[in-house]
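Dear colleague,

Please find below the structure I promised to pass on, together with the sequence.

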Amino acid sequence: MKRRHFIKTATTGLLSAPLITNGIITNFHNGPQKESEFVKKIKPIGRILEEEGYYVWCNTPIYGKDGKVHVFYSRWQDEYGMSGWISKCEIAHAVADSPESGFRHIETTIKPRPGLFDATTCHNPHIQFHDGKYYLFYMGNSNGRTNTKRIGLAIADDVNGPWERKDTPLLETGEPGAWDDHCTTNPALLKHPNGQFWLYYKSWNNKKYEEATGGIRGNRKYGLAIADKIEGPYKKYNGNPVIDFSYLGDNQQLEDAYVWFENGLFKLIARDMGFYNHEYGLLFKSKDGLNWNKPEIAYYETDHYFKQPPKPKHLNRYGRLERPQLLMKNGKPEYLFTTSQGGKYNTASGYVFKIEQE
């Protein structure tokens, strides 16, 4: 199907609205903003992991075998500013008795390794538990730039480690000229009902990135890679990218996806980068994990939930929530973990919402 070819679909039923089919958005303009049921259920709790001397980003939570809540998060020293994530980041581990109690830093779990694919930064943690083991997906790079970002994996029998890290990435970039020839990043893993492991990842085209001008360079899309075992090997889906907003113009895109399966539907939450605006979260639904409906609003900007002092000059992402991750319990989302600039030290920290159950 060509990018600008429109297909009419029925207008009845939950998922019979216009679809994003193999990455092509069909039969709709962005239109009125639509709230999801998800956004109506989230209740703000507050900031976590405000660490003096650090920017904190990418908070991914999980319940440990000890019943406590463990969070793996990106952090880098504040002397490097917000841009330190790309070349100075490490992944740390914190624990709390509950999602609404204070988190205590335990240790740095993953540090850059000179000479390997994650030599200069380790970022974007995403934690999962399967078959008695903990799997910590992340992004590493080797030159302090975006073009060497690759998805890595660390494995442990216990949430406190020790962690065994793969020396090579799980997923490489596409061939030169491909939509994903620039990087592989923002890992989001789903164990499919059929037993396979589906790894969603973000990327963009290198040439378009290098030639782009303006504040946002390159158009971020989402692809899918599939494996029979969680450790791989992963094979890219032939219909990639599975979510692609580029056809809409104005460099509309998304990032920071988290995907799960609930009540017979695949669901994906991500950060909006121009579909509605650059402050909201987006919620997608799908019957097959490949064809996604028009996104609804998953969450709003920070001012909708809490008040902050005026924007400091050095924080250019102030006022929005990024890197949504879910704390799951019995197969359902219980808390939403995000990150946001600001806080006690005018750097960045995590921010948590409770998800009210039906």
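**Pockets, cores and sheets**

By class, the residues that line the largest pocket divide into 9 nonpolar, 9 polar and 11 charged. Please keep in mind throughout that this is a predicted model. The volume of this largest pocket comes to about 670 Å³, and its lining is made up of 29 residues, of which Trp85, Arg220, Glu255, Met273 and Arg317 lie nearest the centre. Several strands contribute to that lining, with at least two residues each from β4 (54–63), β8 (121–130), β16 (253–262), β17 (265–273) and β21 (322–329).

The second largest pocket holds about 480 Å³ of space and has 21 lining residues, with Gln128, Phe129, His130, Tyr258 and Met328 nearest its centre. Two or more residues of this lining come from each of β4, β8, β12 (185–191), β16 and β21. As for the classes, the lining of the second largest pocket has 15 nonpolar, 4 polar and 2 charged residues.

Of its 10 residues, 9 are buried, so β8 is largely enclosed by the rest of the structure. It pairs with β9 (residues 133–141) in the antiparallel sense, over 8 bridges, and within this pairing Phe129 has Tyr134 of β9 as its bridge partner. Phe129 is also one of the residues nearest the centre of the second largest pocket. The two strands β8 and β9 form a hairpin with 2 residues between them, and Asp131 in the turn has a positive phi of about 50°.

A search of the whole structure finds 1 cavity of 30 Å³ or more, and the largest cavity has a volume of about 30 Å³. Its lining consists of Leu49, Glu50, Glu51, Tyr54, Gly342, Gly343, Lys344, Tyr345, Thr347, Ala348 and Ser349, and strand β23 (residues 347–355) gives the most to it, with 3 residues. By class, the lining of this cavity has 4 nonpolar, 4 polar and 3 charged residues.

Turning to the packing, in soluble globular proteins nonpolar side chains tend to be buried together. Here the largest nonpolar core has 44 residues, and those with the most contacts inside it are Phe38, Tyr200, Ile243, Ile269, Trp292, Tyr305 and Leu336. The element that gives the most to this core is β16, with 5 residues. Another core, of 16 residues, lies apart from the largest one and includes Ile151, Leu153, Trp179 and Tyr201.

Which strands make up the open sheet, and in what order? The sheet has 4 strands, arranged as β12-β13-β14-β15, and the pairing is antiparallel. Because β12 and β15 (235–236) stand at the edges with a single partner strand each, one side of each is left without a neighbour in the sheet. Strand β14 (residues 221–227) is joined to β15 by 2 bridges, the two running antiparallel, and in this part of the sheet Ala225 stands opposite Lys236 of β15.

Leaving aside neighbours within four places in sequence, Glu90 is in contact with Tyr54, Tyr73, Ser74, Arg75, Thr108, Ile110, Lys111 and Cys122, and its C-alpha atom is separated by 7.9 Å from that of Thr109, which is 19 residues away along the chain. Asp66, by contrast, is in the loop between β4 and β5 (69–77) and counts as partly exposed at 42% relative accessibility. The C-alpha atoms of Asp66 and Trp198, which are 132 residues apart along the chain, are separated by 28 Å.

With best regards

Terms used:
Residues are numbered from 1 along each chain as its sequence is written. This is a predicted model: local features need pLDDT of at least 70, side-chain atom pairs count only at pLDDT 80 or more; totals for chains, interfaces and linings use all residues. Side-chain values use heavy atoms; hydrogens and water are left out. On a 1 Å grid over the protein atoms alone, a cavity is a set of points where a 1.4 Å probe fits but cannot get out, and a pocket is an open set with protein on both sides within 12 Å along at least five of seven lines; lining residues have an atom within 4 Å of a point. Grid points are joined across faces, edges and corners, and a volume is the space filled by probe spheres set on the points. Ala, Val, Leu, Ile, Met, Phe, Trp, Tyr, Cys and Pro count as nonpolar, Asp, Glu, Lys and Arg as charged, and the others, Gly among them, as polar. A nonpolar core is a set of buried Ala, Val, Leu, Ile, Met, Phe, Trp, Tyr and Cys residues joined through side-chain atoms within 4.5 Å. Buried means under 20% relative accessible area, exposed over 50%, partly exposed in between (1.4 Å probe, protein chains only). Two strands pair if DSSP finds at least two bridges between them. Contact means heavy atoms within 4.5 Å.
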